[in-house]
Amino acid sequence: MKTYIRLIISLFIVFQMIGCSNDLTEKVYSSITEQSYKFTTKDFYPVVTSVYSPMRGYINISHLFPTQEITADIIVMPPNASGWDDNGKYRRLHYHQWSAEQDHFLNIWNTFYQGALLCNNVIAQIESDAVPAPSSAAKEQGLAEVRATRAYYYWMILDNFGDAPMTTVANTQELPEKSSRQEIFNYIVSELQEVVPKLSDEQGGNMYGRFNRWGAKALLANIFLNAEVYTGQPKWSECIAQCDDIINSGKCELSPDFKDPFKAHGVETSKEVLFTIPFDRLYGTGNNLHLFAWHAVMKYKYNTEAMPWGAGTAKGITQFIDTYDPDDQRLPDSWMIGPQYAANGDVLYGLYDQKDEPFTFTKDLPSGNYTKESEGYMMNKFEVEQGETSDLATDFPVFRYAQVLMMKAECLLRLGQSGAGALVTQVRQRAFKNNPEKAMVTDEQLKGNSAYKYGYVENYVITDPGDQSPVQFGRMYDELGWEFTWEMQRRRDCIRYGVFTTKSWLSHKPQGAFHTVFPIPQTALTANPKLSQNTAYSGN
């Protein structure tokens, strides 16, 4: 059991009951109200950790995961004989033909702001001693943790929507205007720089799934890494400084095996996982990645209680799969490949358009518009235990130490400084244990073009190559894909490397540079007349 999940359940229910409304005509349906409930010091840590609850909605087919992965060049969610069209909403993400009506954008917008506003309220309650802290030191550290979490939510808003409303006031009734991306960036950086020294330096244990000093520094490093996208001004040296603090702390290290951070149990003591979203079958549900990223026959391989949904839909894009070295253990460790067998060893068979044929995951996709039920490799990165339910107990890492090493490597390349190859080699070594010589990569190799064969695909063949200009530091870009596929990082990397709105892949062609941010949901625009739609989306 992840430590804080049980802590927050009772308090989250209390927050749901007491609400945050200042409406004097409000009808009270519970004997517990915001005014009558008396918090004690026993409530302090559950209140602090309640701010993480909204994140458990991320791993959902209509939430954050598709917006970060399906819009980029590694994973696609095409229809198949079992359905999965859903009025084309997943294909629109792949095509970059979305609009302000797309439900994914409303869902992530609501969740990010739910998290930020919950942080505002908790900060106000702690500062006013409405929620009393066990000690002054606990109060200072608790406030720092919630402020870091609020900075994280605003980073997600900044990253996905660009210019957006920002408020740090609790229970405000005033409709906020937009703040510029630069203003939000400046606020987040300032806030994190102020609170990081006050955060716990404990790695794992009681701080697992919470922002400690190293998770917050990883957050700040990510923000600096993408600063040129956000503000037009690069912050490579600033990113390196944050990475160096984490590296030199001695608190963090790579796990022995690539799969270790993605296990269902035992990750709580990991020195690689810097910040994660903890899940539990009963107390912290929401991770149902296996239900949409697997075919129904996998039920019999893992004897799961819940059957995956039809033929599944999240599949690896062939052009990316072809970039792997065949000896890279991350290929089979990330993707379900080849013939599939039941737990008792029996051959599994297709259920839909390949009914009664031996079931084998094949690599090649004809397009992103429709696939056969066994076409395309599927998810094998996150552990799914035998007998699993509809909710995985496997946590979802947001920041890993491997990313810290890779961020520093990228920034060294961009600054023209040496040392990137050694850092990337360090990450690669566990993926090439049987071929250690293949783990080695040099600075010069990382500066080379990507191995990805970009182009528009029809009937398994690239029919329109589109833009074929070299990707600067393309080998570094490939390394990020091999290490972090399935971890909701690809969209951000794709944008930073100039690929997102210039290259074609599978059934995607470039649709305009403005797609680097999503449209503000139409529902939000209707509710707040002070908001205006992001540039170029106003005509959609």
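Q: In this predicted model, what makes β10 a strand, and what does it give to the largest cavity?
A: A strand here is a DSSP run of E with at least two residues, numbered from the N terminus. Within the lining of the largest cavity, β10 contributes the most, with four residues. Alongside β10 (396-400), α3 (64-69) and α6 (136-161) each give two or more residues to that lining.

Q: Which residues are closest to the centre of the largest cavity?
A: This cavity has a volume of about 140 Å³. Of its 15 lining residues, Met156, Val398, Glu487, Met488 and Arg492 come closest to the centre. By class, the lining holds eleven nonpolar, two polar and two charged residues.

Q: Why is tyrosine 37 partly exposed, and why is phenylalanine 39 buried?
A: Buried means under 20% relative accessible area. Phenylalanine 39 has 13%, so it counts as buried. Tyrosine 37 has 21%, so it falls in the partly exposed class, between 20% and 50%.

Q: How do you know that arginine 490 sits over the ring of tyrosine 477?
A: Arginine 490 lies over the face of tyrosine 477, at 3.9 Å from the ring centre, and the limit is 6 Å. Lysine 509 lies over the face of tyrosine 456 at 4.6 Å from the ring centre.

How values were computed:
Residues are numbered from 1 along each chain as its sequence is written. This is a predicted model: local features need pLDDT of at least 70, side-chain atom pairs count only at pLDDT 80 or more; totals for chains, interfaces and linings use all residues. Side-chain values use heavy atoms; hydrogens and water are left out. On a 1 Å grid over the protein atoms alone, a cavity is a set of points where a 1.4 Å probe fits but cannot get out, and a pocket is an open set with protein on both sides within 12 Å along at least five of seven lines; lining residues have an atom within 4 Å of a point. Grid points are joined across faces, edges and corners, and a volume is the space filled by probe spheres set on the points. Ala, Val, Leu, Ile, Met, Phe, Trp, Tyr, Cys and Pro count as nonpolar, Asp, Glu, Lys and Arg as charged, and the others, Gly among them, as polar. Buried means under 20% relative accessible area, exposed over 50%, partly exposed in between (1.4 Å probe, protein chains only). A charge sits over a ring if NZ of Lys or CZ of Arg is within 6 Å of the ring centre and within 35 degrees of the ring normal.
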